[in-house]
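Please look at the sequence and the structure shown here before reading the report.

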Amino acid sequence: MKPVNDGGTPGEAGAASRAASRRPLIAGNWKMNAGGQDACPLSAAVAKATRELTRAEVVVAPPFTAIAAVAHELAEAKSEVGIAAQNMSAEVSGAFTGEISSGMLKDAGATWVILGHSERRQLFAETDESVARKVASAMAAELRPIVCVGETLEQREAGDTLAVVERQVRAVLDELAKQPGFGVIAYEPVWAIGTGKVARAEDAQEVHAFIRGLLAKASEDLAGVTRILYGGSVKADNAEALLAQDDIDGALVGGASLDAAGFAKIVEAAHRLAERAEQG
């Protein structure tokens with residue numbers, strides 16, 4: 001469905017169609033940054049800059065070493081900013097040196113976890129099957145998964161984008177369907193992550209709509225309530241065009257999330273679109 005042109009900004013009709021059931025979600029993935037003394041000031045700055053932008057949900061994902069400190073900082077600030085881990089083991093406990101479990105993450109203060117990020121798939125050989133196991137483990141522990149999917153540049157140029165995305169989504173579909181709306185999907189074209197390249201808004205929308213169609217095959221309820229984020233060099237200057245699309249319900253932000261002011265501008269774009277939608 002294309003947005004209706006009623007004299008407003010592009011995409012407002014799309015935002016209106018989802019406003020009731022899918023609150024925009026902006027998640028900042030700090031990656032291997034801000035894992036020490038700089039984590040608390042960054043989280044405090046994000047909390048302050050986004051405090052009034054209540055129509056969007058905000059999550060930050062610090063390194064494991066900073067989760068507990070950030071949780072304490074945000075609690076002290078009485079902030080509603082959520083905390084995600086960047087990965088986790090599918091195992092609950094045991095002899096898995098160097099791994100971290102869902103229970104440990106929850107004890108540290110996380111309520112979300114990013115799973116299947118392209119850097120995990122590309123650099124650490126994670127597979128659709130291993131990601132699916134992690135999603136099941138996270139949901140069993142009541143950690144909300146942000147499941148990442150997306151194609152490489154080679155796959156895109158070969159015309160395989162939708163086939164790759166379908167395979168990755170189908171791997172976790174049954175788990176997500178058990179609790180519609182609890183999990184989130186993030187479409188991140190690998191060629192756009194950290195490169196400065198961004199998919200055109202209409203191209204991103206095409207893939208998001210395809211993903212929603214896959215969810216609908218499991219259940220209309222799942223399709224209606226599942227938030228699908230876009231990730232891949234999202235910044236303040238391109239966020240609104242992306243977020244205005246019918247099936248883009250937020251963003252998974254990488255490098256730009258390390259600057260609280262710039263990250264807040266992305267949150268503000270989501271908040272502004274949701275506000276316009278509520279006003280009709």
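The model is predicted: local features need pLDDT of at least 70, side-chain atom pairs count only at pLDDT 80 or more, and totals for chains, interfaces and linings use all residues. Residues are numbered from 1 along each chain as its sequence is written, and side-chain values use heavy atoms, with hydrogens and water left out.

Helices are DSSP runs of H or I with at least four residues, numbered from the N terminus. Axes are lines fitted to C-alpha atoms over the stretch in contact, and angles run from 0 to 180 degrees between N-to-C directions.

| Pair | Axis distance | Angle |
|---|---|---|
| H8 (residues 161–177) and H9 (residues 201–218) | within 10 Å | roughly 35° |
| H2 (residues 39–50) and H3 (residues 67–76) | 9 Å | about 40° |

The crossing of H2 and H3 is right-handed, meaning that the near helix is turned clockwise from the far one by less than a right angle. In this pair, Ala-39, Cys-40, Ser-43, Ala-44 and Ala-47 of H2 make the contact with Ala-69, Val-70, Glu-73 and Leu-74 of H3 (contact: heavy atoms within 4.5 Å).

H8 and H9 also cross in a right-handed way. Val-165, Val-169 and Leu-173 are among the H8 residues that meet H9, where the partners include Phe-210 and Leu-214.

H8 bends by about 40° at Ala-171 (the angle between axes fitted to the seven residues ending there and the seven starting there). Residues buried in H8 include Val-165, Val-169 and Leu-173 (buried: under 20% relative accessible area, with a 1.4 Å probe and protein chains only).

Definitions and conventions. Helix = DSSP H or I, 4+ residues; strand = E, 2+ residues; numbered from the N terminus. Buried < 20%, exposed > 50% of the residue type's maximum accessible area, 1.4 Å probe, protein only.
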